[in-house]
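Subject: Structure for your review

Dear colleague,

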Amino acid sequence: QVQLAESGGGLVQAGGSLRLSCAASGSGFSINVMAWYRQALGKQRELVAALTSSGNSNYADSVKGRFTISRDNAKNTVYLQMNSLKPEDTAVYYCNVLYTSTIPRWTWGQGTQVTVSS
């Protein structure tokens, strides 16, 4: 079973930057897709960015040009570089990974809080 460990959240002023990290650990697996979701208070969870093992990425319109998703395959780690942060980016950010062990499975991280003050 794969476990995810997230880090990098915190409090930042509008216009600032943060980098989130999510490391996958376990044995006998390969990662297919690594993604970041977020959920603001009172709202549904939404996809922020996703990155496939072949390098294809997609972003929510609201973060295009400001956020960048990347991964270190050797470390099974995905990053989300967030620049020009806005108060509306405030949310709990969740790492989400599609991996294959015996069968494909999705798994979630515990979430990390990002708060952007105006």
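This is a predicted model: local features need pLDDT of at least 70, side-chain atom pairs count only at pLDDT 80 or more; totals for chains, interfaces and linings use all residues.

Residues are numbered from 1 along each chain as its sequence is written, and side-chain values use heavy atoms, with hydrogens and water left out.

Strand S8 covers residues 77-82. Helices (H or I, at least four residues) and strands (E, at least two) are DSSP runs, numbered from the N terminus. Five of the six residues in S8 are buried; buried means under 20% relative accessible area, exposed over 50%, and partly exposed in between (1.4 Å probe, protein chains only).

S8 pairs with two strands, where pairing requires that DSSP finds at least two bridges between them. Strand S3 (residues 18-25) runs antiparallel to S8 and is joined to it by six bridges; Leu 18 has Met 82 as its bridge partner. S7 is also antiparallel to S8, again with six bridges, and Arg 71 is partnered with Val 78. S7 and S8 form a hairpin with four residues between them. In the turn, Asn 76 has a positive phi of about 50°.

Val 63 lies in the loop between strand S6 (57-59) and strand S7 (67-72). Its relative accessible area is 0%, so Val 63 is buried. Leaving aside residues up to four places away in sequence, Val 63 touches Arg 38 and Val 48, contact being heavy atoms within 4.5 Å.
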